Amino acid sequence: MPGLLEGAVLTAEITVLGAVLAVFMALIAALAKLYGPLPIRWLSTTYIEIFRGTSALVQLFWLYFVLPQFGIFLDAFLVAVLALGLNIGAYGAEVVRGAIVSVARGQWEASIALNMSRAQMLRRIILPQAFTAMIPPWGNLFIELVKSTSLVSLITLADLTFKAQQMNQSTLKTVPVFTLVLLIYLAISLTVTIAMRLLEQRASKGLTRGRVA
Amino acid sequence: MWDWTFTFEILPVLARAAIMTVEATALGFVIAATLGLVLASIRLAFPTAGVVVTVLVELIRSTPLLIQIFFLYFVLPKAGIVLDAFTAGVAAIGVHYAAYCSEVYRAGFENVPRGQWEASIALNLSPWNTFKDIILPQALPPVVPALGNYLIALFKETPLLSAIAVLELMQTAKNIGSETFRYTEPVTLVGVFFLVMSLVSAGIVRILESWLQRR
């Protein structure tokens with residue numbers, strides 16, 4: 001059990017750092033795809049399609065085994081955060097883009113009528129409204145992220161899955177070990193779900209107040 | 001950096017492994033699509049048993065597929081069921097995606113207007129006939145695009161089978177890598193293969209979608 005908890009802490013660390021990177025990449029890629037000059041737009045589309053079109057495990061292996069051959073050595077933890085963050089970020093970019101595009105047409109027109117610059121319009125009017133629409137799909141993506149952290153065990157990081165395999169081999173208590181691990185993952189996923197639901201409630205409350213006032 | 005001779009040397013080996021990947025995808029999806037439909041139907045027909053299905057679906061959806069593969073591969077033999085790695089892996093992938101597909105089917109069922117059920121009762125159709133002849137034909141076509149997305153997602157998860165040493169693409173690439181100490185070509189080729197297949201499948205799903213809409 002303490003061994004499993006140690007693994008769970010590493011799993012949580014990778015999840016949190018991966019999530020931060022994913023949100024960051026998603027915002028940049030979405031804004032670049034929507035408003036960037038043509039080459040930047042192509043670049044962000046390429047990033048999104050490559051990371052959505054190939055398997056997360058392939059990306060993990062590519063960063064871990066192929067980059068060193070080009071002289072870039074990253075330790076396994078950094079590779080894990082990078083690969084998972086970039087992977088989920090690519091999916092997130094489409095979520096962000098969808099949310100920005102779905103903000104009511106009139107809001108854009110009103111901002112133009114008020115003579116706002118594009119940066120002002122995005123920061124003050126569009127993004128706050130898009131943010132509310134983004135929360136539920138981001139919740140799903142974070143759950144995906146929690147689940148894909150189990151892949152890092154395959155590049156020998158001692159996360160929850162890795163500890164489980166180790167314990168299975170040393171104790172041969174297969175059924176309790178794997179059942180316990182499934183329950184720990186379930187607990188982590190449920191925590192994320194509940195946190196996102198609270199965030200959703202707070203965000204939509206703010207929006208309604210804004211509309212009434 | 002990139003060795004073309006080596007690339008052409010390993011290409012046939014990887015192509016053979018690609019067939020294994022496609023097989024695993026096809027079998028896994030057949031399990032997912034049928035089992036998903038069964039799960040959704042149980043929920044529809046028996047609300048009490050439906051609670052069990054709901055809990056099961058949530059449990060499967062919120063835990064990692066890799067752990068589920070290990071679970072089937074290591075735990076089932078304890079119960080006297082010994083599966084070879086390929087079968088265990090494909091079954092795990094199939095069951096995992098069945099949980100997602102069952103939600104898709106459920107949405108499809110909820111889309112069929114209430115009046116269709118009432119009309120079937122008025123026509124004195126048995127519940128089974130209502131389900132088979134009236135509800136299913138209306139519920140299925142709208143969910144095809146969503147199922148298509150899960151087919152692509154399932155395909156991209158097949159490299160996980162390499163964790164239990166099934167000789168699919170990823171495992172083959174790893175083997176080549178550990179024999180020749182060259183990972184650049186094999187791992188990149190696997191990535192390219194997945195990218196091409198995903199883009200092609202996404203295109204096919206889109207065409208199917210617009211074809212269904214036009215009907």
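**Salt bridges, then the interface**

I began in a predicted model with helix α4 (residues 76-101) of chain A, where A:Arg97 and A:Glu94 are three residues apart and so separated by about one helical turn. I found that A:Arg97 forms a salt bridge with A:Glu94, the closest N and O atoms being 3.2 Å apart, and that A:Arg97 is partly exposed at 27% relative accessibility.

I next looked at helix α2 (residues 38-53) of chain A, which holds both A:Arg52 and A:Glu49, three residues apart. These two form a salt bridge with closest N and O atoms 3.2 Å apart; A:Arg52 is partly exposed, with a relative accessible area of 25%, and A:Glu49 counts as partly exposed at 25%.

In chain B I looked up B:Glu103, which forms a salt bridge with B:Arg43 at 2.7 Å between the closest N and O atoms. B:Glu103 lies in helix α4 of chain B and B:Arg43 in helix α1 (residues 4-45) of chain B, so this pair ties together parts that are 60 residues apart in sequence.

I then turned to the interface, where 36 residues from chain B meet 34 residues from chain A. The area buried between the two chains is about 3,000 Å², with carbon and sulfur atoms giving 75%. How many salt bridges are there between chain B and chain A? I counted zero, although 11 residue pairs are in polar contact across the interface. On the side of chain B that touches chain A, α8(B) gives the largest share, nine residues, and the residues of that side divide into 21 nonpolar, nine polar and six charged.

How values were computed
Residues are numbered from 1 along each chain as its sequence is written. Chains are lettered from A and ligands numbered from 1 in the order in which they are written. This is a predicted model: local features need pLDDT of at least 70, side-chain atom pairs count only at pLDDT 80 or more; totals for chains, interfaces and linings use all residues. Side-chain values use heavy atoms; hydrogens and water are left out. Contact means heavy atoms within 4.5 Å. Buried area is the accessible area (1.4 Å probe) that two parts lose on being put together, summed over both. A salt bridge is a side-chain nitrogen of Lys or Arg within 4 Å of a carboxyl oxygen of Asp or Glu. A polar contact is a pair of N or O atoms within 3.5 Å; within protein, one must be able to donate a hydrogen and the other to accept it, and residues adjacent in sequence count only if both atoms are side-chain atoms. Helices (H or I, at least four residues) and strands (E, at least two) are DSSP runs, numbered from the N terminus. Ala, Val, Leu, Ile, Met, Phe, Trp, Tyr, Cys and Pro count as nonpolar, Asp, Glu, Lys and Arg as charged, and the others, Gly among them, as polar. Buried means under 20% relative accessible area, exposed over 50%, partly exposed in between (1.4 Å probe, protein chains only).
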